[in-house]
Amino acid sequence: MSQRTVDRYLAAGLLCEPVTGVYCDARTVDDDAVRIQILALAMPEGAAATRGTAAWIHGFDPRAPHERGGPLQLECVVDPSSGLLLPRRRGLITHHDRLPAGDVIAVGGIPVTSVDRTALDVARFLAPHMGLAVVDAMAHAGLIDPASLRQRYEEWPERQRWMGRGKRTLELCEPKSESFGESWTRLRVIDAGFPRPEPQIWVPEERPGAFRLDMGWREVRRAIEFDGEEDHSKDDDRDRDDDRRERLRRDYGWTVWPVRKGDVLGWDMNLERAVGELLGLEPKIRRRMW
(Lines give C-alpha, C1' and ligand atoms only; values in the text may rest on other atoms or scores of the structure.)
Protein backbone atom coordinates (compact mmCIF):
# COMPACT_ATOMS: atom_id res chain seq x y z
CA MET A 1 0.00 0.00 0.00
CA SER A 2 1.47 3.34 -0.98
CA GLN A 3 1.91 6.16 1.53
CA ARG A 4 -0.53 8.21 -0.53
CA THR A 5 -3.19 5.53 -0.05
CA VAL A 6 -2.40 5.31 3.66
CA ASP A 7 -2.76 9.07 3.98
CA ARG A 8 -6.06 9.00 2.14
CA TYR A 9 -7.43 6.25 4.41
CA LEU A 10 -6.22 8.15 7.47
CA ALA A 11 -7.97 11.31 6.29
CA ALA A 12 -11.17 9.34 5.70
CA GLY A 13 -11.06 7.84 9.18
CA LEU A 14 -10.71 4.28 7.89
CA LEU A 15 -7.20 3.83 9.29
CA CYS A 16 -5.58 5.18 12.42
CA GLU A 17 -1.99 5.30 13.66
CA PRO A 18 -2.22 4.37 17.35
CA VAL A 19 1.56 3.93 17.69
CA THR A 20 4.09 5.77 15.52
CA GLY A 21 4.69 3.77 12.35
CA VAL A 22 1.93 1.18 12.87
CA TYR A 23 -1.51 1.50 11.26
CA CYS A 24 -4.72 -0.40 11.94
CA ASP A 25 -8.41 -0.45 11.09
CA ALA A 26 -9.89 2.49 12.98
CA ARG A 27 -12.79 0.32 14.16
CA THR A 28 -10.49 -2.04 16.08
CA VAL A 29 -8.07 0.31 17.83
CA ASP A 30 -9.71 -0.10 21.25
CA ASP A 31 -9.64 -3.90 21.09
CA ASP A 32 -7.16 -5.32 23.62
CA ALA A 33 -5.99 -8.08 21.26
CA VAL A 34 -5.34 -5.55 18.50
CA ARG A 35 -3.29 -3.41 20.87
CA ILE A 36 -1.07 -6.41 21.54
CA GLN A 37 -0.67 -7.03 17.79
CA ILE A 38 0.27 -3.38 17.30
CA LEU A 39 2.88 -3.60 20.05
CA ALA A 40 4.28 -6.84 18.64
CA LEU A 41 4.98 -5.09 15.32
CA ALA A 42 6.65 -2.09 16.94
CA MET A 43 8.56 -3.40 19.97
CA PRO A 44 12.30 -4.10 19.63
CA GLU A 45 13.42 -7.52 20.82
CA GLY A 46 14.68 -7.69 24.39
CA ALA A 47 12.87 -4.59 25.62
CA ALA A 48 9.70 -4.12 27.67
CA ALA A 49 6.97 -1.56 27.06
CA THR A 50 7.05 1.09 29.77
CA ARG A 51 5.61 4.39 31.04
CA GLY A 52 2.89 5.77 28.76
CA THR A 53 2.99 2.79 26.39
CA ALA A 54 2.56 0.34 29.25
CA ALA A 55 -0.32 2.40 30.65
CA TRP A 56 -2.00 2.26 27.21
CA ILE A 57 -1.58 -1.52 27.06
CA HIS A 58 -3.09 -1.85 30.53
CA GLY A 59 -6.09 0.18 29.34
CA PHE A 60 -5.29 3.71 30.53
CA ASP A 61 -4.56 6.30 27.83
CA PRO A 62 -1.71 8.53 29.07
CA ARG A 63 -2.37 11.36 26.62
CA ALA A 64 -4.10 14.67 27.22
CA PRO A 65 -7.17 15.33 25.03
CA HIS A 66 -5.29 17.53 22.55
CA GLU A 67 -2.68 14.78 22.04
CA ARG A 68 -5.08 11.97 21.14
CA GLY A 69 -5.37 12.96 17.51
CA GLY A 70 -1.81 11.76 16.89
CA PRO A 71 0.05 8.50 17.44
CA LEU A 72 1.39 7.39 20.80
CA GLN A 73 5.17 7.35 20.99
CA LEU A 74 6.50 3.89 21.78
CA GLU A 75 8.45 3.84 25.05
CA CYS A 76 10.48 0.79 26.02
CA VAL A 77 12.89 0.01 28.83
CA VAL A 78 15.92 -2.23 29.25
CA ASP A 79 17.97 -2.93 32.35
CA PRO A 80 21.43 -1.35 32.02
CA SER A 81 23.00 -4.61 33.13
CA SER A 82 21.59 -6.41 30.08
CA GLY A 83 24.05 -4.76 27.68
CA LEU A 84 21.36 -4.57 24.98
CA LEU A 85 21.72 -1.94 22.25
CA LEU A 86 18.32 -1.10 20.83
CA PRO A 87 17.71 0.32 17.35
CA ARG A 88 17.13 4.02 16.77
CA ARG A 89 14.01 4.79 14.79
CA ARG A 90 11.21 7.32 14.51
CA GLY A 91 8.76 7.18 17.37
CA LEU A 92 10.85 4.83 19.56
CA ILE A 93 12.05 6.13 22.93
CA THR A 94 14.40 3.87 24.86
CA HIS A 95 14.94 4.15 28.62
CA HIS A 96 17.57 2.42 30.72
CA ASP A 97 16.35 1.67 34.21
CA ARG A 98 16.54 -1.02 36.85
CA LEU A 99 13.98 -3.81 36.42
CA PRO A 100 13.66 -5.89 39.60
CA ALA A 101 12.07 -9.33 39.36
CA GLY A 102 8.32 -9.04 39.02
CA ASP A 103 8.35 -5.59 37.43
CA VAL A 104 7.96 -7.06 33.92
CA ILE A 105 5.08 -9.31 32.93
CA ALA A 106 3.94 -10.83 29.65
CA VAL A 107 0.73 -9.43 28.15
CA GLY A 108 -0.24 -11.48 25.13
CA GLY A 109 3.36 -12.66 24.93
CA ILE A 110 4.73 -9.09 24.91
CA PRO A 111 6.99 -7.88 27.79
CA VAL A 112 5.28 -4.98 29.59
CA THR A 113 5.98 -3.38 32.95
CA SER A 114 3.53 -4.61 35.58
CA VAL A 115 0.59 -2.45 36.62
CA ASP A 116 2.35 -1.48 39.87
CA ARG A 117 5.61 -0.58 38.10
CA THR A 118 3.70 1.29 35.40
CA ALA A 119 1.91 3.34 38.06
CA LEU A 120 5.23 4.15 39.75
CA ASP A 121 6.69 5.26 36.42
CA VAL A 122 3.79 7.39 35.17
CA ALA A 123 3.53 9.07 38.59
CA ARG A 124 7.13 10.20 38.15
CA PHE A 125 7.51 10.88 34.47
CA LEU A 126 4.16 12.04 33.07
CA ALA A 127 3.12 15.67 33.42
CA PRO A 128 1.62 16.08 36.92
CA HIS A 129 -2.01 16.31 35.81
CA MET A 130 -1.74 13.29 33.50
CA GLY A 131 0.23 11.22 36.01
CA LEU A 132 -2.43 11.85 38.65
CA ALA A 133 -5.26 11.11 36.21
CA VAL A 134 -3.75 7.76 35.22
CA VAL A 135 -2.97 6.57 38.76
CA ASP A 136 -6.43 7.74 39.92
CA ALA A 137 -7.98 5.63 37.17
CA MET A 138 -5.82 2.62 38.08
CA ALA A 139 -6.77 2.96 41.75
CA HIS A 140 -10.45 3.44 40.86
CA ALA A 141 -10.29 0.16 38.93
CA GLY A 142 -8.87 -1.53 42.02
CA LEU A 143 -5.57 -2.37 40.34
CA ILE A 144 -3.16 -0.50 42.62
CA ASP A 145 -2.81 0.46 46.28
CA PRO A 146 -1.30 3.98 46.40
CA ALA A 147 -0.06 3.60 49.99
CA SER A 148 1.93 0.44 49.30
CA LEU A 149 3.36 1.95 46.12
CA ARG A 150 4.65 4.94 48.09
CA GLN A 151 6.53 2.47 50.27
CA ARG A 152 8.16 1.00 47.17
CA TYR A 153 9.69 4.39 46.40
CA GLU A 154 11.48 4.22 49.75
CA GLU A 155 13.18 0.99 48.65
CA TRP A 156 14.61 2.48 45.46
CA PRO A 157 18.16 3.84 45.25
CA GLU A 158 18.61 7.51 46.09
CA ARG A 159 18.95 10.20 43.42
CA GLN A 160 16.33 8.72 41.13
CA ARG A 161 14.88 11.37 38.81
CA TRP A 162 11.50 12.96 39.63
CA MET A 163 11.10 10.91 42.80
CA GLY A 164 9.50 13.85 44.64
CA ARG A 165 6.90 14.24 41.89
CA GLY A 166 6.09 10.53 42.04
CA LYS A 167 5.65 10.54 45.81
CA ARG A 168 3.38 13.57 45.69
CA THR A 169 1.28 12.11 42.88
CA LEU A 170 0.64 8.94 44.86
CA GLU A 171 -0.06 10.99 47.99
CA LEU A 172 -2.77 12.87 46.08
CA CYS A 173 -4.14 9.74 44.40
CA GLU A 174 -7.88 9.37 44.96
CA PRO A 175 -9.50 5.99 44.12
CA LYS A 176 -12.98 7.53 44.24
CA SER A 177 -12.19 9.84 41.31
CA GLU A 178 -14.30 8.84 38.31
CA SER A 179 -12.76 10.76 35.41
CA PHE A 180 -9.60 12.46 34.23
CA GLY A 181 -11.45 15.77 34.53
CA GLU A 182 -12.10 15.24 38.22
CA SER A 183 -8.42 14.43 38.77
CA TRP A 184 -7.29 17.58 36.93
CA THR A 185 -9.75 19.76 38.84
CA ARG A 186 -8.69 18.37 42.22
CA LEU A 187 -5.02 18.97 41.40
CA ARG A 188 -5.65 22.57 40.37
CA VAL A 189 -7.48 23.17 43.65
CA ILE A 190 -4.73 21.63 45.79
CA ASP A 191 -1.91 23.29 43.86
CA ALA A 192 -3.53 26.67 44.54
CA GLY A 193 -3.23 26.03 48.28
CA PHE A 194 -6.90 25.36 49.02
CA PRO A 195 -7.96 22.55 51.40
CA ARG A 196 -8.10 19.15 49.73
CA PRO A 197 -11.71 18.53 48.68
CA GLU A 198 -13.59 15.43 49.75
CA PRO A 199 -14.55 13.27 46.73
CA GLN A 200 -17.99 11.90 45.88
CA ILE A 201 -20.14 13.56 48.54
CA TRP A 202 -23.68 12.25 48.95
CA VAL A 203 -26.42 14.79 49.78
CA PRO A 204 -28.25 14.41 52.09
CA GLU A 205 -26.84 10.88 52.61
CA GLU A 206 -25.85 7.83 50.56
CA ARG A 207 -29.06 6.26 49.33
CA PRO A 208 -30.92 5.69 46.05
CA GLY A 209 -32.19 8.96 44.63
CA ALA A 210 -29.81 11.15 46.62
CA PHE A 211 -27.47 13.67 45.01
CA ARG A 212 -23.78 12.90 44.57
CA LEU A 213 -21.23 15.69 44.12
CA ASP A 214 -17.84 15.24 42.43
CA MET A 215 -15.88 16.94 45.21
CA GLY A 216 -16.40 19.55 47.87
CA TRP A 217 -16.10 20.82 51.42
CA ARG A 218 -18.86 19.44 53.59
CA GLU A 219 -18.35 21.87 56.51
CA VAL A 220 -19.15 24.94 54.35
CA ARG A 221 -21.46 23.16 51.86
CA ARG A 222 -19.47 24.14 48.81
CA ALA A 223 -18.75 21.82 45.88
CA ILE A 224 -17.19 21.65 42.43
CA GLU A 225 -18.34 19.43 39.59
CA PHE A 226 -16.52 18.69 36.36
CA ASP A 227 -18.95 18.75 33.43
CA GLY A 228 -17.45 16.54 30.74
CA GLU A 229 -18.38 17.09 27.11
CA GLU A 230 -19.92 13.65 26.65
CA ASP A 231 -22.69 14.01 29.24
CA HIS A 232 -23.02 17.77 29.69
CA SER A 233 -22.76 19.44 26.27
CA LYS A 234 -26.37 19.45 25.04
CA ASP A 235 -28.92 22.09 26.04
CA ASP A 236 -31.11 19.46 27.72
CA ASP A 237 -28.12 18.24 29.73
CA ARG A 238 -27.29 21.74 30.90
CA ASP A 239 -30.90 22.50 31.82
CA ARG A 240 -31.01 19.32 33.87
CA ASP A 241 -27.71 20.22 35.56
CA ASP A 242 -28.97 23.72 36.38
CA ASP A 243 -32.19 22.33 37.87
CA ARG A 244 -30.28 19.79 39.96
CA ARG A 245 -27.91 22.44 41.34
CA GLU A 246 -30.77 24.78 42.13
CA ARG A 247 -32.46 21.99 44.12
CA LEU A 248 -29.22 21.39 46.00
CA ARG A 249 -29.03 25.09 46.87
CA ARG A 250 -32.70 25.46 47.78
CA ASP A 251 -33.29 22.22 49.67
CA TYR A 252 -29.89 21.51 51.24
CA GLY A 253 -27.95 24.79 51.24
CA TRP A 254 -25.19 23.56 48.91
CA THR A 255 -23.51 25.89 46.43
CA VAL A 256 -22.17 23.95 43.46
CA TRP A 257 -19.82 25.48 40.91
CA PRO A 258 -19.45 23.65 37.56
CA VAL A 259 -16.22 23.59 35.56
CA ARG A 260 -15.51 22.33 32.06
CA LYS A 261 -12.41 21.05 30.29
CA GLY A 262 -11.52 24.51 29.00
CA ASP A 263 -11.60 25.91 32.54
CA VAL A 264 -9.34 23.18 33.93
CA LEU A 265 -6.84 22.87 31.09
CA GLY A 266 -6.76 26.57 30.23
CA TRP A 267 -3.73 28.72 31.00
CA ASP A 268 -5.39 31.44 33.08
CA MET A 269 -6.13 31.65 36.79
CA ASN A 270 -9.92 31.90 36.49
CA LEU A 271 -10.46 28.54 38.16
CA GLU A 272 -8.32 29.44 41.15
CA ARG A 273 -10.03 32.80 41.57
CA ALA A 274 -13.48 31.21 41.32
CA VAL A 275 -12.65 28.56 43.93
CA GLY A 276 -11.28 31.33 46.15
CA GLU A 277 -14.58 33.19 45.92
CA LEU A 278 -16.47 29.96 46.57
CA LEU A 279 -14.50 29.28 49.77
CA GLY A 280 -13.81 32.85 50.85
CA LEU A 281 -10.05 32.27 50.54
CA GLU A 282 -7.24 33.66 48.42
CA PRO A 283 -5.19 31.40 46.09
CA LYS A 284 -1.64 30.94 47.38
CA ILE A 285 -0.13 31.03 43.88
CA ARG A 286 0.11 33.80 41.31
CA ARG A 287 0.49 31.67 38.22
CA ARG A 288 -0.44 28.21 37.06
CA MET A 289 1.84 25.33 37.98
CA TRP A 290 0.99 23.21 34.95
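# Contacts and surface in a predicted model

Reader: Which side chains meet Lys167 or Glu154 in a salt bridge?

Author: Lys167 and Glu154 meet each other, in a salt bridge of 3.4 Å from N to O. A salt bridge here is a side-chain nitrogen of Lys or Arg within 4 Å of a carboxyl oxygen of Asp or Glu. The pair links distant parts of the chain, with Lys167 in helix H7 (residues 163–172) and Glu154 in helix H6 (residues 146–155), 13 residues apart. Helices (H or I, at least four residues) and strands (E, at least two) are DSSP runs, numbered from the N terminus.

Reader: Before I go on, what sort of model is this?

Author: It is a predicted model, where local features need pLDDT of at least 70 and side-chain atom pairs count only at pLDDT 80 or more, while totals for chains, interfaces and linings use all residues. Residues are numbered from 1 along each chain as its sequence is written, and side-chain values use heavy atoms, with hydrogens and water left out.

Reader: Fine. Is Glu154 buried or exposed?

Author: Glu154 is exposed, because its relative accessible area is 51% and exposed means over 50%, buried under 20%, and partly exposed in between (1.4 Å probe, protein chains only). Lys167 is partly exposed at 32%.

Reader: How many salt bridges does a search of the whole structure find?

Author: The search finds 20. One of them joins Arg212 and Glu178, at 2.9 Å from N to O. That pair also links distant parts of the chain: Arg212 is in strand E9, Glu178 is in the loop between H7 and helix H8 (180–191), and they are 34 residues apart. Arg212 is partly exposed at 30% relative accessibility, and Glu178 is partly exposed at 42%.

Reader: And what does Arg244 bridge to?

Author: Arg244 forms a salt bridge with Glu225, and the closest N and O atoms are 2.8 Å apart. Arg244 lies in helix H10 and Glu225 in strand E10 (residues 222–226), so the pair ties together parts that are 19 residues apart in sequence. Glu225 is buried, with a relative accessible area of 4%.

Reader: Which residues are linked in a network of salt bridges?

Author: Asp97, Asp103, Arg117, Asp121 and Arg152 are linked in such a network.

Reader: Changing topic. How many aromatic pairs are there?

Author: A search of the whole structure finds 3. Among them, Tyr153 and Trp156 are edge-to-face, at 5.6 Å centre to centre with 80° between the planes. Rings of Phe, Tyr and Trp (its six-membered ring) pair if their centres lie within 6.5 Å; planes under 30 degrees apart count as stacked, over 60 as edge-to-face and the rest as tilted.

Reader: Are Tyr153 and Trp156 buried or exposed?

Author: Tyr153 is buried at 2% relative accessibility, and Trp156 is buried at 8%.

Reader: What about Phe211 and Tyr252?

Author: Phe211 and Tyr252 form an edge-to-face pair, 6.1 Å centre to centre and 70° between the planes. The pair links distant parts of the chain, with Phe211 in strand E9 (residues 211–217) and Tyr252 in helix H10, 41 residues apart. Phe211 is buried at 10%, whereas Tyr252 is partly exposed at 24%.

Reader: Which residues form the negative surface patch?

Author: Asp236, Asp239, Asp242 and Asp243 form it. Patches are made of residues with over 30% relative accessible area and no salt bridge; like charges are joined within 9 Å, and nonpolar side chains (Val, Leu, Ile, Met, Phe, Trp, Tyr) within 5 Å. Lys and Arg count as positive and Asp and Glu as negative, with His and the chain ends not counted. Asp243 is in helix H10 (residues 235–252), and Asp243 is partly exposed, with a relative accessible area of 47%.

Reader: Backbone next. Where is the cis peptide bond?

Author: The cis bond joins Val203 and Pro204, with omega about 0°. Pro204 lies in the loop between strand E8 (198–203) and E9.

Reader: What is phi of Arg51?

Author: Phi of Arg51 is near 50°, a positive value in a residue other than glycine. Arg51 is in helix H3 (residues 51–57) and is buried at 10% relative accessibility. Trp162, not a glycine either, has a positive phi of about 60°. Trp162 sits in the loop between H6 and H7 and is partly exposed at 46%.

Reader: Last one: how many helices and strands are in the chain?

Author: The chain has 12 helices and 11 strands. Buried residues make up 49% of its 290 residues.

Key. Areas by Shrake-Rupley, 256 points an atom, 1.4 Å probe, with all protein chains shown as cover. Charge placed at Lys NZ, Arg CZ, Asp CG, Glu CD.
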